[in-house]
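Please keep the viewer open and follow along point by point.

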Amino acid sequence: MSVELVKNYFRRFDLRNSVPCGGDVKIPEVVGFIFPEKLKELVEKGEKPLIVDVREECEAQKMPFKAEGLTVKVIPLRELLDRLNEIPKEGLVVLVCNFAIRASMAKMALDLVGYNNVKVLKGGVEQWNQLNA
């Protein structure tokens, strides 16, 4: 991967007009987060995003992502780039993990290989499951 590719990627995250800097752009929107409440609203309206859980299989078994009616695919972060054929480039894809750290890394990787339909669930699986208890 070239340094220029990464530089161009990070240029998209110009936060000089963000709320902390006195602007009106909310940082989560810039970095590609989706809040649990917004995801729930989309699902209630009939949208069916693909949920990609980037935790290890054992973590996903201990605390599964509760998403009735949605497809949840467990693809550990370490396997993500080897399993791109399982992630569509069309339609909404939501990446999840415990706290959005690994999901954010996964989003960066997917962005760099040409995906533009990916969001990261802010707050992770636990926050989602609490909202949907």
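1. Which ring does the charged end of Lys122 sit over? That ring belongs to Phe33, and the charged end of Lys122 lies 5.1 Å from its centre. A second case involves Lys89, which lies over the face of Tyr115, at 5.1 Å from the ring centre. Please bear in mind throughout that this is a predicted model.

2. Now for the overall plan. The protein has six helices and five strands. Reading from the N terminus, the elements follow the order α-α-β-α-β-α-β-β-α-β-α. The chain holds 133 residues, and 37% of them count as buried. Its accessible surface is about 7,900 Å², with 55% of that belonging to carbon and sulfur atoms.

3. A word on how the chain comes together. Take the contacts in the protein with a separation of 6 or more: 60% of them are between residues 24 or more positions apart. Several of the points below give examples of contacts of one residue with others along the chain.

4. Five strands make up an open sheet with parallel pairing, and their order is E1-E5-E4-E2-E3. At the edges are E1 (33–34) and E3, each of which pairs on one side only.

5. Strand E4 covers residues 93–96, and both of its faces are covered. Val93 and Leu95 are buried on one side, while Val94 and Val96 are buried on the other. There is a simple background to this: in a regular strand, side chains alternate between the two faces of the sheet.

6. Next, the partners of E4. Strand E2 (residues 50–53) pairs with E4 in the parallel sense, over four bridges. Within this pairing, Val52 stands opposite Leu95, and Asp53 stands opposite Val96. Strand E5 (residues 118–121) also runs parallel to E4, joined to E4 by three bridges. Here Val94 has Lys119 of E5 as its bridge partner. To get from E4 to E5, the chain passes through helix H5 (residues 101–112), and this β-α-β crossover is right-handed.

7. Is Asp53 buried or exposed? Its relative accessible area is 1%, so Asp53 is buried. Setting aside residues up to four places away in sequence, Asp53 touches Ala60, Val72, Lys73, Val74, Ile75, Pro76, Val96 and Cys97.

8. On to the aromatic rings. How many aromatic pairs does a search of the whole structure find? The search finds one. The pair is made by Phe65 and Trp128, which are stacked, with 5.2 Å from centre to centre and 10 degrees between the planes. Phe65 sits in the loop between helix H4 (57–62) and strand E3 (72–74), while Trp128 is in helix H6 (residues 124–131), so the pair links distant parts of the chain, 63 residues apart. Both Phe65 and Trp128 are buried.

9. The loop between H4 and E3 also contains Leu70. With a relative accessibility of 12%, Leu70 falls under the 20% limit and therefore counts as buried. Beyond its neighbours within four places in sequence, Leu70 is in contact with Val43, Glu47, Lys48, Pro49 and Ile51. One of these contacts, Pro49, is 21 residues from Leu70 in sequence, with 7.1 Å between the two C-alpha atoms.

10. Ala100 counts as buried because its relative accessibility is 6%.

11. Finally, turn to Arg102 in helix H5. Arg102 counts as partly exposed because its relative accessibility is 23%. Not counting residues up to four places away in sequence, Arg102 touches Val54, Arg55, Glu56, Glu59, Leu77 and Cys97. Arg102 and Gly124 are 22 residues apart along the chain, and their C-alpha atoms are separated by 9.9 Å.

Notes: Residues numbered from 1 in each chain as written. Predicted model: local features only at pLDDT ≥ 70, side-chain atom pairs only at ≥ 80, totals over all residues. Heavy atoms only, no water. Buried < 20%, exposed > 50% of the residue type's maximum accessible area, 1.4 Å probe, protein only. Helix = DSSP H or I, 4+ residues; strand = E, 2+ residues; numbered from the N terminus. Pairing = 2+ DSSP bridges. Right-handed = clockwise from strand over helix to strand, strands pointing away. Contact = heavy atoms within 4.5 Å. Areas by Shrake-Rupley, 256 points an atom, 1.4 Å probe, with all protein chains shown as cover. Phe/Tyr/Trp six-rings, centres within 6.5 Å; stacked < 30°, edge-to-face > 60°. Lys NZ or Arg CZ within 6 Å of the ring centre and 35° of its normal.
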